[in-house]
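Please keep the sequence and the structure in view while reading.

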Amino acid sequence: MPGTIRSVSLVWVVLLVCLSSRRTSVGAAPICTNGQVGCHVLSLDNLFDRVIQHSARMHGISSDLHSEFEQYFLPSKNQIGRVGRICHTSTIITPNGKENAQRMAREQLTEVILKLLIAWRDPLWHFHQSMAHHHDFNNFSSNKALEMNDMVHELRQGVEKVAEKMQVLGIISNSVTSLASPEVLLPSDSADWRLMKDYDLLYCFRRDSNKVQNYLKILKCRIVPNHGC
Amino acid sequence: MRRDLRGALLLLLTAAVQSSSMSAPGKPVLLSCRSPEKETFTCWWEPGSDGGLPTTHHLYYERERLEGTYECPDYLSAGRNSCFFDKNHTSIWVDYYLTVMASNALGNATSDPFKMDVMEIVKPDAPGNVTLRVEEREASPCLHVRWMPPSNTDTKSGWVTIKYELRVKKDNSNNWKEYTSGTQTHFSLYSVSPGGVYTVQVRCLLDHGSWSEWSNTTFVKISNYLQNERPLSMLISILSAILFIMAGLILIAKRKSVKQWVLPPVPGPKIRGINSQLLQSGGSDDVGNVLIIKQSFPPIYFVWEDQMEDYLIVTENEDWLSSNSQKRKKSLIPACFHFDSEIHSKESPCHQNDWEKDEEISQVDNNNKPFTNTGYVDFQRNVENVDVKHVDYSRVKEVKSDNIIFLEKEKVQSSGYIHFQRQEGIPEDYSRVKEVESDHLVVLQKQNAADLSCKDEGNHYTDCALHKPRKPHVCTELSDSGYVDTIPAPPLM
């Protein structure tokens, strides 16, 4: 009797371990890297579509939050002259139009995207923390801040996968440095984002998320053009 | 002096009046800016009062991450009081600070600064070339709508993602119905009915920007071609519905017979003359008693009537019998049998008491009354339990005197039961057999009416029968039981 009990419990433990190990990625099937067995192989086209959808959603949330803040805080628009708003990502050189983005090399463009995403990881996390502690904001806004934070994280992982796949396929060279050491990309001489007020932070993030979305679309239509372009 | 003063005042006044119409211009107001494709943009302003003098307006802008103040590159392309920024001068995701200055000979006026980012002011042109095509199908027509994206929008490079929306209204109503088309430049409407004028408009959206204006209205009339076929199909459907309802009503009305036809009752086993309930309730002795036939010529036999054409059961009581004159089929008997005859509608209950009662009655009657009518109860030979006596008949050959009978040699087999044919008004007599000489000679006992008394030998019936005066010239039949039955016959001599 005790022998059978032990064997049964062992089987259960093994099953639980297997299930928990399988649940690493929530939702969609895991994307294969370097020939994993049993995972779902996605084409580059599919990967691009996924990250583009993700970035569109992220931009939508940031727009909503920004307009909510505008209602609450009504920042003064009566300043004459230039307002000294500087986003902490302003040191990153980004193409400011369609032609510039199309002219930029693929590797460069991919790197710009990744730099932007990495630069926003910490500020959004702290923004979410400050939102949670502030009692002025309702749960709706707080949830959006958390969602925004998660999405930046996921989007960055997605773009990294896309970059890897492109490197594997030989579409881009292996010179994308962000994949090797992301900390290099953190802007060192920019204004400290901790000094930014919440409203400015949202304004800057709204802009940057729009950039990411547009750059990804340009990249996709250059590399895998199809009817979606 | 006074005149001069007045003249001077007048001059001053006119000068003052004249000089108030000319002044510095009023403050202009920047209305809005718009980018139709996220590559260029245009801004419009509203000038203030011009102060009576020719006034010019200039737009100046400053840009984030760009040093200096710049003037509008193009005042003409977009019309009056506008400034058009071409691709070279447009930067997305940077803030522009615009101001408009109105100036005339007397002064300047500057508007409030207007801050904008191209990302926020995207609003495309309306889609063009909206065409409608009616497809006439059998069941219902359908409307195919096609359009082109706005000409200045670049949808191929993925820079912007365009989405469409269309709205339809019928005839002159104000109810528009809206549909989303996604990124397709065509749409099919299936909820159109013939005989109406449909008006369609389309608009579009870029990424997260604003919706464009609605396109020019396009309308089409759908002809009325389907009217003929409708009434026929409606008529057919109505008729079939009526038929169904009628069939249903008939079924409901005749549900009993339908039920019998569908599920006929299963006949159960039944033996006529035997009441199964009584059999169950009564003891086995009674059943046995009932089935046994008494040895002596019995007034009472047990009846299985299903094979009898004519049978009687005897009763001594006249009044009892008189109630059924012709057909005395009433059952006297006994204990657990009851009639289930066709002729006899009434079921007489069988009780133990009846049996005894009948015995009583018959005993009494035997002593006193002669039998006017006689009969006997037949029983069926085929029943196993019954101790059946075989009855043979012998034919009477000759009657010598009034007490000697000669019989024929051969015996006539009876069919198995004592058959009794009744004829109306013929009294029946029995004579007792005194002696059987040989197998063909029977000596009858002479009797007087006074001599013979109805002895109670346990056979009630027959003794009393001898009271009857014996009539000559009667033929008799010989029976085993010792009694000769009488049958009227032509006199022998």
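Buried area is the accessible area (1.4 Å probe) that two parts lose on being put together, summed over both. By that definition, chain B and chain A bury about 2,500 Å² between them, with 44% of it on carbon and sulfur atoms. The model is predicted, so local features need pLDDT of at least 70 and side-chain atom pairs count only at pLDDT 80 or more, while totals for chains, interfaces and linings use all residues. Residues are numbered from 1 along each chain as its sequence is written, and side-chain values use heavy atoms, with hydrogens and water left out.

**Chain A**

- Chain A has seven helices and zero strands (DSSP runs: H or I of at least four residues for helices, E of at least two for strands).
- Of the 229 residues in chain A, 43% are buried (under 20% relative accessible area, 1.4 Å probe, protein chains only).
- Among contacts in chain A (heavy atoms within 4.5 Å) with a separation of 6 or more, 81% join residues 24 or more positions apart.

**Interface of chain B and chain A**

- In contact across the interface are 30 residues of chain B and 31 residues of chain A.
- The rule finds eight salt bridges there (a side-chain nitrogen of Lys or Arg within 4 Å of a carboxyl oxygen of Asp or Glu).
- B:Asp95 forms a salt bridge with A:Arg207, where the closest N and O atoms are 3.1 Å apart.
- On the side of chain B that touches chain A, strands S3 (56–63), S4 (66–71), S6 (95–104) and S8 (114–117) of chain B each give two or more residues.

Key:
Chains lettered and ligands numbered in written order. Buried < 20%, exposed > 50% of the residue type's maximum accessible area, 1.4 Å probe, protein only.
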